[in-house]
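Me: I would like to go through a model feature by feature. Please give the general idea each time, then the case at hand.

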Amino acid sequence: MATEPDTNQSEPASTNCPDCAVSPGNVHLDGCDVARCAVTGYQRLGCPHTDDKCNTRWTGIWPGDTECIEYGFVIDLGPDEDPMPDLNRLYRECDWDPDRQRMVLRTA
């Protein structure tokens, strides 16, 4: 007996990058506003690098959101809303680790 496909319309249609539309696992396109530099962790749009060493891949999750949740850097929006990642706090209290390709808590 065949199973009916899930047609729940409340689910997002895709997790493609909201700016350059690449699917998860693919390198952001040139000029993408969401892409981060793999060397500095800052927005790649203003990156001074001229080669491919700073390209990053879209994971399907906004850059920094995972670390914010992990470190508890969230803004409480009230009882009926999900907490929002506090990206400003993330950049104040963390540094980019190019080897791990993620923000890590500052040790000093």
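Me: Where is the place of Cys54?
Reply: This is a predicted model, and in it Cys54 lies in the segment before H1.

Me: Is Cys54 buried or exposed?
Reply: Cys54 counts as buried because its relative accessibility is 4%, and buried means under 20%.

Me: With which residues is Cys54 in contact, leaving aside neighbours within four places in sequence?
Reply: Cys54 touches Arg36, Cys37, Ala38, Val39, Arg44, Cys47 and His49.

Me: Which side chain of opposite charge is nearest to Asp65?
Reply: That side chain is Arg36, 8.4 Å away. A salt bridge here requires a nitrogen-to-oxygen distance within 4 Å. Asp65 is buried and has no salt bridge. Asp65 belongs to helix H1, residues 65-71, and beyond four places in sequence Asp65 contacts Pro85 and Leu87.

Me: Which residues make the nonpolar surface patch?
Reply: Ile75, Leu77 and Met84 make a patch of about 240 Å². Patch members need over 30% relative accessible area. Met84, in strand E2 (residues 84-85), is partly exposed because its relative accessible area is 38%.

Me: Over which residues does pLDDT stay under 50?
Reply: Where pLDDT is low, the predicted coordinates should not be read in detail. Here that range is residues 1-13, for which the model has zero contacts beyond four places in sequence. The mean pLDDT of the protein chain is 85, with 87% of its residues at 70 or more.

How values were computed: Residues numbered from 1 in each chain as written. Predicted model: local features only at pLDDT ≥ 70, side-chain atom pairs only at ≥ 80, totals over all residues. Heavy atoms only, no water. Patch = residues over 30% accessible without salt bridge, like charges linked within 9 Å, V, L, I, M, F, W, Y side chains within 5 Å. Areas by Shrake-Rupley, 256 points an atom, 1.4 Å probe, with all protein chains shown as cover. Helix = DSSP H or I, 4+ residues; strand = E, 2+ residues; numbered from the N terminus. Buried < 20%, exposed > 50% of the residue type's maximum accessible area, 1.4 Å probe, protein only. Lys, Arg positive; Asp, Glu negative; His and termini not counted. Contact = heavy atoms within 4.5 Å. pLDDT = per-residue confidence, 0-100.
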